[in-house]
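Here is a short briefing on a two-chain model. It covers a helix pair, the chain contact and some backbone exceptions.

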Amino acid sequence: MERQEILNSKHFELTINRLCYQLIEAHGDFSNSVLIGLQPRGVNVVTRLKQNLEAIIGKEVKCGNLDITFYRDDFRRRESPLIPSTTNIDFDIENKDIVLIDDVLYTGRTIRSGLDALLAFGRPAKVELLTMIDRRFRRDLPIQADYVGKTVDTLVSERVSVEWKEIEGEDKVILFTQENNG
Amino acid sequence: MDSLSVDHVIGIKDLTKNDIELIFKTADAFKEVINRPIKKVPSLRDITIANLFFENSTRTRLSFELAEKRLSADVINFSAASSSVKKGETLIDTVNNILSMKVDMVVMRHPNPGAAKFLSERIDAKVVNAGDGTHEHPTQALLDAYSIREKLGSVEGKKVVIVGDILHSRVALSNIYCLKKLGAEVMVCGPTTLIPKYIAELGVLVEHNLRKALEWCDVANMLRIQLERQDIKYFPSLREYSMQYGLNKELLDSLPKEIVVMHPGPINRGVEITSDVADSKQSVILQQVENGVAVRMAVIYLLASKVKR
């Protein structure tokens, strides 16, 4: 496996800050907006965005976690069952502006499941999508993000990993490439 | 291990501690789902489940049916009272006919012990035992243990007494296996005639005095007297049973600590438990019913992931 750093910790911080300002541009003081992170890794993006947004606007930003396990389209196409993480949405999403958040946008299937899971909680006014990394040209479904941290061109055999200083020790984004893939 | 070690859920005896913990973990997520505005997930859209009830049931049957529907499975129901079983058809024939209609899973209650195992060895579909005679009732034991875990934080190290008709109770046997596997201490309590002779070999304590049993325990699971399974008289009268082994408010309030009161239903109010105990805040009887749906969703979900196309 060959590793290539596509965002270092400095750029990572800049990207998160840019996303924050883009969100503020569209959502103002977040009085009617909420951030919802997809389990498991989208939650990390939300945690960081929440910290930075609250520091900038000086107000609480409502956030939740959404688990999409039961809405996936690959149930029974796997060897072992998918075990769920927790969903934690302790507010009403009716008529809210929602920003759905994940770390990597790839085939779009996770987001499709996420939309289904989200609508089980009510009827939001609007749903937008934010992703740290957009692996473009690799979509299976017609889904695009409204806010993108960084766009990358990748092969199917490659893998993108978003790492966090709270978990892995350092903020960075790594592209893993298999060495023999011509 | 993120997968059950078994292909059918016939009895708790066959499950490992890991299996039970996996079921509980999955049930936690389903419990959250059934408290949402839309209480349904699309996971089992392509699964068809037959509920075969060769013996009467209200709670278990409704609970299974609701669990299946909340997972979006297609459900067909069958009850022996209105079927060809009355016309002399054998179990295998009945089930094979139903399976020809492309059913992936069978949930069965049957009056004969071993019926679920018999079936699982002879058909292609996954089998969930919803009670086979006086043998096992695994999902009831799972939801009982799940309710204890929810109320007291964990099952390990807790003292649980099962009171009543241990001899005829599949709930008691499954509960003993389940609680022991999770590390609880188990005691059975009832009249000598209703305690099986070799029950202590399962590693449980035996007590014939209800007060002593209640003073010992953290949780009391009060079983129903199964008059329909009793072919001879095991005790002089229901009134006498109730005086010796019934739980009333006076007895409950006189105990040194607050215990949790459980009952698998249906309750015979005034026999094994009085109304004021059944409706008291120490009773988790209705939480047991709610947890039943979540636990059954978990069992069905985990088994359905093993269905191969």
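H5(B) passes H6(B) in a right-handed crossing. A crossing is right-handed if the near helix is turned clockwise from the far one by less than a right angle, and left-handed if anticlockwise. The model is predicted: local features need pLDDT of at least 70, side-chain atom pairs count only at pLDDT 80 or more, and totals for chains, interfaces and linings use all residues. Residues are numbered from 1 along each chain as its sequence is written, with chains lettered from A and ligands numbered from 1 in written order.

**Helix pair in chain B**

- The partners are H5 (residues 138-152) and H6 (residues 170-181) of chain B; their axes come within 8 Å and cross at roughly 50 degrees.
- Axes are lines fitted to C-alpha atoms, for helices over the stretch in contact, and angles run from 0 to 180 degrees between N-to-C directions.
- H5(B) and H6(B) are therefore oblique to each other (under 35 degrees is roughly parallel, over 145 roughly antiparallel, 65 to 115 roughly perpendicular, the rest oblique).
- Helices (H or I, at least four residues) and strands (E, at least two) are DSSP runs, numbered from the N terminus.
- H5(B) contributes residues including B:Pro138, B:Leu142 and B:Ala145 to the contact, and H6(B) residues including B:Val171, B:Tyr177 and B:Leu179.
- Contact requires C-beta atoms, placed from the backbone, within 7 Å.
- By class, this contact has 8 nonpolar, 3 polar and 1 charged residues.
- Ala, Val, Leu, Ile, Met, Phe, Trp, Tyr, Cys and Pro count as nonpolar, Asp, Glu, Lys and Arg as charged, and the others, Gly among them, as polar.

**Contact between chains**

- 18 residues of chain B touch 14 residues of chain A.
- On the chain B side, H1 (17-33) and H11 (285-304) each supply at least two residues.
- H1(B) gives the largest share, 5 residues.
- That side has 10 nonpolar, 4 polar and 4 charged residues.

**Backbone exceptions**

- Most residues other than glycine have a negative phi, and most peptide bonds are trans.
- The bond from A:Gln39 to A:Pro40 is cis, with omega near 0 degrees. A:Pro40 sits in the loop between E2 (33-38) and H2 (42-57) of chain A.
- The bond from B:Gly265 to B:Pro266 is cis too, with omega near -10 degrees.
- A:Phe137 has a positive phi, near 65 degrees. A:Phe137 is exposed, with 8 other C-beta atoms within 10 Å (exposed means 12 or fewer, buried 20 or more, partly exposed in between).
- B:Ser72 has a positive phi of about 70 degrees. B:Ser72 is partly exposed, with 15 such atoms within 10 Å.

Notes:
Two residues are in contact if their C-beta atoms, placed from the backbone, lie within 7 Å.
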